[in-house]
Amino acid sequence: MIDAISFKNGTFRYLDQRYLPLKELYVETQNYLEAIEAIKTLAVRGAPLIGASAGYTVMLGINAYQGDKAGFPAYFANLVAEVNASRPTAVNLFFATKKMEAVYDANFEADSLEALVAKMTDMAYKIHNDEIDNCDKIARHGVELLKQDFADVLKSRKLNVLTHCNTGTLACCGIGTALGVIRLAYQEGLIERVITAESRPLLQGLRLTAWELEHDGIPFASISDSSSAILMQRGMIDFAVTGADRIVANGDSANKIGTYAHAISAKYHGLPFYIAAPVSTIDITMAEGSEIPIEERDADELRKIFGTQVATPTTPVVNYAFDVTPGTLIRGIITEKEAVVGNYNEGLARVVNG
Ligand code: MRU
């Protein structure tokens with residue numbers, strides 16, 4: 001399996017996803033500002049991977065500290081604020097920095113700086129390793145739900161699944177969230193073919209999900225984002241499953257721009273639409289999706305395609321990186337604890353607090 005990120009001897013190593021699938025470029029850094037830049041530019045991306053990278057970025061910042069214990073609290077607070085400012089939508093980033101802050105809060109008074117740093121390093125590794133384990137559990141729960149929802153269909157044929165963006169090893173560390181469900185479902189003989197929507201403008205579906213599926217030998221076809229409705233109309237898709245960047249109390253789920261349109265199409269065609277995500281992606285402090293901060297990215301992401309100008313430099317652009325799919329369009333939210341179906345306010349609170 002690809003190591004999208006790793007942390008060893010104070011060095012953060014990542015696969016720069018901007019160049020995939022044409023070039024596999026690994027970058028090493030000990031500079032936390034460079035790691036923040038990697039998150040901002042989507043060199044590392046995908047909600048769980050952003051969270052794990054945020055933990056390691058905090059460690060890079062801490063390792064660079066040269067002052068005494070008295071000066072550490074102000075330095076640490078500023079460091080966390082800088083990491084938190086890198087990307088706004090994926091709540092996994094804030095989940096990770098909060099975990100690091102909790103270790104600091106619990107141990108700063110009693111510990112030497114050295115002992116504190118050792119405990120924080122352990123936490124950064126734990127955030128990363130937990131996400132790897134979560135993927136396997138999510139996949140198992142997802143496959144159980146699919147077997148239940150498609151019990152009749154599966155007696156006579158396999159299923160065609162639509163997914164959006166990239167939710168695989170590159171986005172999550174382990175086998176992936178939505179892509180992990182797809183991988184296990186394929187291994188268990190449930191899947192005929194995967195349809196990967198390209199995910200304009202940065203093409204995570206076309207470049208990254210396709211790359212992972214090709215590597216695994218899973219049959220797939222890539223489509224433009226706007227093609228999902230006609231494929232559903234023609235019976236070429238049985239269900240859709242995507243990841244999420246933030247799921248709020250009522251089940252409203254932010255994910256890569258274009259997800260909402262697939263979910264509306266799925267509803268219209270009577271097809272189930274699932275979200276697969278770890279509990280670290282759930283934010284029950286927000287009641288509904290309208291509260292989720294939606295990242296707006298540079299206009300040139302649209303005006304240019306991989307450096308080639310395709311619109312005038314003055315073309316006005318609206319470039320939301322994410323949209324919010326209402327919980328009412330989602331058949332189930334598959335987490336490592338359980339697949340939540342039905343009342344999301346109850347079910348999501350249960351998995352977060354349980
Ligand atoms: O902008 P990105 O590439 O970080 O967006 C990623 C997505 O929207 C993923 O679908 C989401 O983070 C879930 S990853 C398991």
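Me: Where does P201 sit in this predicted model?
Reply: Start from the elements on either side of P201. One is the strand β5 (191–197) and the other is the helix α8 (204–216), so by the DSSP runs we're between two named elements. That puts P201 in the loop between β5 and α8.

Me: And what's the omega of the peptide bond from R200 to P201?
Reply: Most peptide bonds are trans. The one from R200 to P201 is cis instead, with omega near 5°.

Me: Which loop holds P21?
Reply: P21 is joined to L20 by a cis peptide bond, with omega about 5°. As for its place, P21 lies in the loop between β2 (11–15) and β3 (26–29).

Me: What's the phi of N9?
Reply: Most residues other than glycine have a negative phi. N9 sits in the loop between β1 (5–8) and β2. It isn't a glycine, yet N9 has a positive phi of about 45°.

Me: On to the ligand: how many residues surround it?
Reply: The shell divides into 8 nonpolar, 7 polar and 4 charged residues. R45, A47, R87, N255 and K256 are the closest ones. Altogether, the residues around the ligand number 19.

Me: How far is the polar side-chain atom of R45 from an oxygen atom of the ligand?
Reply: Backbone N or O atoms come up to ligand oxygens too: G46 has one at 3.0 Å, and A47 has one at 2.8 Å. For R45 the atom belongs to the side chain, and the distance is 2.5 Å.

Me: How much of the ligand's exposed area does the protein bury?
Reply: Picture the ligand by itself, exposing 410 Å². The space it takes is the largest cavity. Of that exposed area, the protein buries 99%.

Definitions and conventions. Residues are numbered from 1 along each chain as its sequence is written. This is a predicted model: local features need pLDDT of at least 70, side-chain atom pairs count only at pLDDT 80 or more; totals for chains, interfaces and linings use all residues. Side-chain values use heavy atoms; hydrogens and water are left out. A residue is near a molecule or strand if one of its heavy atoms lies within 4 Å of it. A polar contact is a pair of N or O atoms within 3.5 Å; within protein, one must be able to donate a hydrogen and the other to accept it, and residues adjacent in sequence count only if both atoms are side-chain atoms. Accessible areas come from the Shrake-Rupley method with a 1.4 Å probe; for residues, only the protein chains shown count as cover. On a 1 Å grid over the protein atoms alone, a cavity is a set of points where a 1.4 Å probe fits but cannot get out, and a pocket is an open set with protein on both sides within 12 Å along at least five of seven lines; lining residues have an atom within 4 Å of a point. A molecule sits in a cavity or pocket if more than half of its atoms lie within 2 Å of its grid points. Ala, Val, Leu, Ile, Met, Phe, Trp, Tyr, Cys and Pro count as nonpolar, Asp, Glu, Lys and Arg as charged, and the others, Gly among them, as polar. Helices (H or I, at least four residues) and strands (E, at least two) are DSSP runs, numbered from the N terminus.
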